[in-house]
Amino acid sequence: MFSQIVDPLNNLWLTGTMALIPVVALLVLLAVFRFSAWLATLLGSVITVALAVEVWHMPAEQGLRAYLYGAATGIWAVDWITFWGVVLFNTLTLTGVFELFRRWLVAQGTLDVRVQTLLFAWAFGALLEGLVGFGYPWAVVAPILISLKIPDLDAIRVAAIANNAPVSYGALGVPIIALATVTGLPLLELSASVGRVVAVLALLPPWILIYLVSGRRGLRDGWPLAVVGSLGYIAGQYPTAVHLGPYLPDVIGAIVCFASLLVLLRFWHPAQVLGYGGEPVPVGESAEAHGLTRGELLKAAMPFVVLIAVVVLWTGPWSPLPKISLFAAKVEALSSLTNSKTAAIFNFAPFIGGTAILVSWLIVALILRPGWAMLRQIFARTFQQMWGALLVGVFIFGLAYVFNYSGMAASLADAFSKVGIAYIVIAPILGWIGVALSGSNTSTNAMFGAFQAMVGRLLGLPTLLLPTLNSVGAEVGKPVAPQTASVGVATSRYVRHEGDVIRHNMGWTFAMLGYLILIGVLFYLFLPSTMTP
């Protein structure tokens, strides 16, 4: 059995620096040379394997098996979910169902820019993030906001900041699934710990959003919108994350947020209707009616009802389906930190969350009955959109498995543990840096997740704390991620001007990161039991 070497260069800091090379190489390829993510992760894989064999003395044959098991895990645990999630989204788009929902939503917005912002950017953005992710909330929400007379650059910033809280549960929970896969921590417990931190984080963005579109004047009499918007999302997100897992917190959180805001508006309205910049809207103007029949409204709601029902019944704690495993393949090593066995494992469980999304799509397709020509268009569009992301899932998990199996992650963790308890401040910053440069919360969790968990064990911290802060730190960095921005600006006049967007978002992203660091410290000092499985 291969025994990992914690310090192959006989100099802890030199070894730690060497272990950073795959991370730095990957980020330089993405952020400096602007390589496509799939190509960057492929080249990063080559670099990682070469270092693992030459410096950490990992046996090549065992390392290749570890890489293949990781790649297979990327396909089955991540790509299988994201592919069917995007197929479902494209089905709703091409059949016109999504447009029905959008028309209904716009009609609920009134002419008050604060109401519009929380309904479209905050609640609707969370729904899109929960279903698809990958920058689509920016691309879909920003044009709606621009049509409501918010300047392009400000509309994109509002869509980006609103996207902060939901990202960890984006694309039907894929980032959390990735984190659980590489750390070996229980999926439901990780979902719950991230949910607790996100619930506190989500208290702030609605206040920022109202300030961004209407200034202090808008906050003076619009604060009930911020309170209900944040608590409404949390009321759906938090119990879902804690009790049901990572698949639906965004979707249910968004729906509960919609309902909460619409109930509030039945009994209360701001004293004055404000437009962008806090300017009063002339009396007598009103939002356009949606013009939808009851049947069209039911048709617009049906896919979300089906998705929630199937996924809850299929993946909830009461279901035996996700636990069924047909076979598992693994390659073992002796850990350099714990002197116990560690393994790179591929577990083929046929009824995981991705299969639940497939079944949801089949039911929706049977109800909507798209023709064969439209089905071909749905799958063609999905492959066109997703082929690069699907390859990233293969390469980044192969890279991460070798990084962990070879002992490189353990060497890096040993070096960072010398920082001591102050590392709690560094953990979310690393997540922020990872996603700001890679553009992917999933990739950041795959790359840093096991390393963060090892640092936590070496420092005696609550088991779930550092992996949780890594994931939430990554979501806070999304507004300044070049790859996310490139998708987000695709429907605006800022195409190929992502730098302008990133600079515009930067200040508020730093504010959210500082808030998250404070949250992490508070959980460590006062609520450590909530970060323990």
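1. Let's start with Ala450. In this predicted model, Ala450 has a relative accessibility of 6%, so it counts as buried; the cut-off for that label is under 20%. You'll find Ala450 in helix α17, which covers residues 441-459. Which residues does Ala450 contact, once neighbours within four places in sequence are set aside? They are Val182, Thr183 and Asn404. Tyr211 is another matter: Ala450 and Tyr211 are 239 residues apart in sequence, and their C-alpha atoms are 38 Å apart in space.

2. Asn470 is another one to click on. It is found in helix α18, residues 465-476, and its relative accessibility is 0%, so Asn470 counts as buried. Leaving out residues up to four places away in sequence, Asn470 touches Ala427, Gly431, Thr444, Asn445, Phe448 and Gln452. Have a look at Trp432 too: it is 38 residues from Asn470 along the chain, with 7.7 Å between the two C-alpha atoms.

3. Now the aromatic rings. How many aromatic pairs does a search of the whole structure find? The count is 29. Take Trp84 and Phe379, an edge-to-face pair with centres 6.0 Å apart and 85° between the planes. Trp84 belongs to helix α3 (residues 60-94) and Phe379 to helix α14 (residues 372-405), so this pair ties together parts that are 295 residues apart in sequence.

4. α3 packs with helix α8 (residues 170-183) at an angle of about 170°, and the axes are 9 Å apart. The two helices are therefore roughly antiparallel to each other. Which residues meet there? From α3 come Thr73, Ala77, Val78, Ile81, Thr82 and Gly85, and from α8 come Ala171, Leu172, Val174, Ile177, Ala178 and Thr181. Sorted by class, the contact of α3 with α8 has eight nonpolar residues, four polar ones and no charged ones.

5. The other helix pair to look at is α9 (residues 187-201) with α10 (residues 205-243). Their axes are 9 Å apart and the packing angle is about 160°. Why does α9 count as roughly antiparallel to α10? The label covers angles over 145 degrees, so an angle of about 160° puts α9 and α10 in that class. The crossing of α9 past α10 is left-handed. On the α9 side, the contact is made by Leu188, Ser191, Ala192, Gly195, Arg196, Val198, Ala199 and Leu201. On the α10 side, the residues are Pro205, Tyr233, Ile234, Gln237, Tyr238, Ala241, Val242 and His243. By class, the contact of α9 with α10 splits into 11 nonpolar residues, four polar and one charged.

6. A few loops are worth a stop. Ser335 is in the loop between β2 (327-334) and β3 (341-348). Is Ser335 buried or exposed? With 11% relative accessibility, Ser335 counts as buried. Apart from residues up to four places away in sequence, Ser335 touches Gln4, Ser340 and Thr342.

7. Asn10 is not a glycine, yet its phi is positive, at about 55°. Asn10 is in the loop between β1 (2-3) and α1 (12-31), and it is exposed, with a relative accessible area of 69%. His57, another residue other than glycine, has a positive phi near 60°. Look for His57 in the loop between α2 (37-54) and α3; its relative accessible area is 48%, so His57 is partly exposed.

Terms used:
Residues are numbered from 1 along each chain as its sequence is written. This is a predicted model: local features need pLDDT of at least 70, side-chain atom pairs count only at pLDDT 80 or more; totals for chains, interfaces and linings use all residues. Side-chain values use heavy atoms; hydrogens and water are left out. Helices (H or I, at least four residues) and strands (E, at least two) are DSSP runs, numbered from the N terminus. Buried means under 20% relative accessible area, exposed over 50%, partly exposed in between (1.4 Å probe, protein chains only). Contact means heavy atoms within 4.5 Å. Rings of Phe, Tyr and Trp (its six-membered ring) pair if their centres lie within 6.5 Å; planes under 30 degrees apart count as stacked, over 60 as edge-to-face and the rest as tilted. Axes are lines fitted to C-alpha atoms, for helices over the stretch in contact, and angles run from 0 to 180 degrees between N-to-C directions. Angles under 35 degrees count as roughly parallel, over 145 as roughly antiparallel, 65 to 115 as roughly perpendicular and the rest as oblique. A crossing is left-handed if the near helix is turned anticlockwise from the far one by less than a right angle, and right-handed if clockwise. Ala, Val, Leu, Ile, Met, Phe, Trp, Tyr, Cys and Pro count as nonpolar, Asp, Glu, Lys and Arg as charged, and the others, Gly among them, as polar.
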